Amino acid sequence: MLKITPRRKRWLKLTSARWQRRVLFVAGGLVVGAAAVALAELADQAQLAFNWLLSKSRYASLIVTPAGFALSVYLTQRYFPNAQGSGIPQAIAARHLSDTRARSPLVSIRIAIGKVLLTLLGLLCGASVGREGPTVQVGASIMFALGRLSPRRQPGLILAGAAAGVAAAFNTPLAGIVFGIEEMSRAFETRTSSLVIATVIAAGLTSLALMGNYAYFGTTPMALGKGIDWLAVPVCGVAGGAAGGLFSRILISMSRGLPGTIGLFIKGRPLLFALACGLAVALCGLASGDTIYGTGYAQVKAALETGAPLPADFGVLKFLATTFAAISGIPGGIFAPSLAVGAGIGANIASLFHQTPLAPIMLLGMVAYFAGVVQAPITAFVIVTEMTDNHAMVVPLMMASLIAYGTSRLICEEGLYHALAKGFVAKSEAAQAAP
């Protein structure tokens, strides 16, 4: 009879634990992928429902949008605290906390359910929000729930869930991995890198199986020409980076509270403030001809594919609508709306370059504004490249992204997600310290 030595027992135990972790990460990726697809489908239906309402009366937004904002903030504060905003700062904060109990209010199945429901409510009432950021928090929450089976691996599981959320939401596996490294962890972690990649692959395969292979914004094969066309790169980089930095600075300032009477009013009457923000979004929508509601995906995709320019005021009004939605306190992401704002900026800049196709300059505007907002330049150009299946634009997109990053830092020294995450960490630590 074969005798099992103590050394072999330790080896078997270690091998078993290693395979259990692998199965945990892959299984989690499958669930995250399915959740991302479900949220995407429901989000599309919510936007269609709001568009149907507008077809009956475009002035209905003056009632529905403010009321929806107020209801969303009420439900968030009453039943789903920490579900507000995009959800990415909560996932980052959860990774930085060391106690499982402290992480639970930020990433949990309860929060994931609330995030899905309230993001859909926002889209149903015309909010300028996206579903991609919420998918990150949902993915992190799912992996955190599974992480109770492996408490020591919780930070890695949260990272993997967030990366898988981005990959499945946009059908951009490379961007998911880069997002996890550059934005979620701000470092390359050798011990969890292979597990994160396995989770992203599982989520991506699930998305492909359910939705098929597609480029988020369709295929945009055009590229910049020679000579003067390349002047669009620094122009878009500076303009997009400045606008993105301004957006980030506004959100960070609002999250920390404005000084004086205005700050006290906003803090003391959150529902009234949300109502006012919703009314502002509705007014932006009316001024835009109903083009700035929701994610902005349909408008940008149509412009990229047909070459028809966006309205001249689309970028400015989408910027305002997204800002009001983001500071109101409702759950909803800023990924897709930021890309739409950038597309609007690019379309405006394209009017200065009469001989250059519209699509390449729109892409430069998208990557520049997005890099200015999140201050993650590698993620920005990788995600735009994958979303448009345009590898001919990689070099100019990289250049515009880096220029935008540098410009944004002059206006807002902190990255948006990490600055907001500090608030959640401080709140959690204060709650733990309280008797």
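Predicted model: local features only at pLDDT ≥ 70, side-chain atom pairs only at ≥ 80, totals over all residues.

Residues are numbered from 1 along each chain as its sequence is written, and side-chain values use heavy atoms, with hydrogens and water left out.

**Exercise 1.** Find T385 and work out whether T385 is buried or exposed.

*Solution.* Start with the helix: T385 sits in α17, residues 377-388 (helices are DSSP runs of H or I, at least four residues, and strands are runs of E, at least two, numbered from the N terminus). Next, check the accessible area: at a relative value of 6%, T385 is buried (under 20%; exposed is over 50%, partly exposed in between, with a 1.4 Å probe and protein chains only). Then look at the side chain, where a polar atom of T385 lies 2.6 Å from the backbone oxygen of F381. Finally, list the partners: not counting residues up to four places away in sequence, T385 touches N390, H391, V394 and L397 (contact means heavy atoms within 4.5 Å).

**Exercise 2.** Describe how α17 packs against α18.

*Solution.* Two packed helices are described by the angle between their axes and the distance between the axes. The axes of α17 and α18 (residues 394-411) come within 9 Å and cross at roughly 145° (axes are lines fitted to C-alpha atoms, for helices over the stretch in contact, with angles from 0 to 180 degrees between N-to-C directions). Now collect the residues: P377, A380, F381, V384 and T385 of α17 meet V394, L397, M398, S401, L402 and Y405 of α18. Sorted by type, the contact has nine nonpolar residues, two polar and no charged (Ala, Val, Leu, Ile, Met, Phe, Trp, Tyr, Cys and Pro count as nonpolar, Asp, Glu, Lys and Arg as charged, and the others, Gly among them, as polar).

**Exercise 3.** Which residues surround F314, leaving aside neighbours within four places in sequence?

*Solution.* First locate F314 in helix α14, residues 314-328. F314 is buried, with a relative accessible area of 0%. The residues in contact with F314 are T291, I292, Q299, A340 and G344. To finish, compare positions: F314 and I292 are 22 residues apart along the chain, and their C-alpha atoms are separated by 7.0 Å.

**Exercise 4.** What does A46 touch beyond four places in sequence?

*Solution.* Begin in helix α1, residues 6-56, which holds A46. A46 is buried, with a relative accessible area of 7%. The contacts of A46 are L120, L123 and L124.

Terms used:
Polar contact = N/O pair within 3.5 Å; in protein donor to acceptor, adjacent residues only side chain to side chain.
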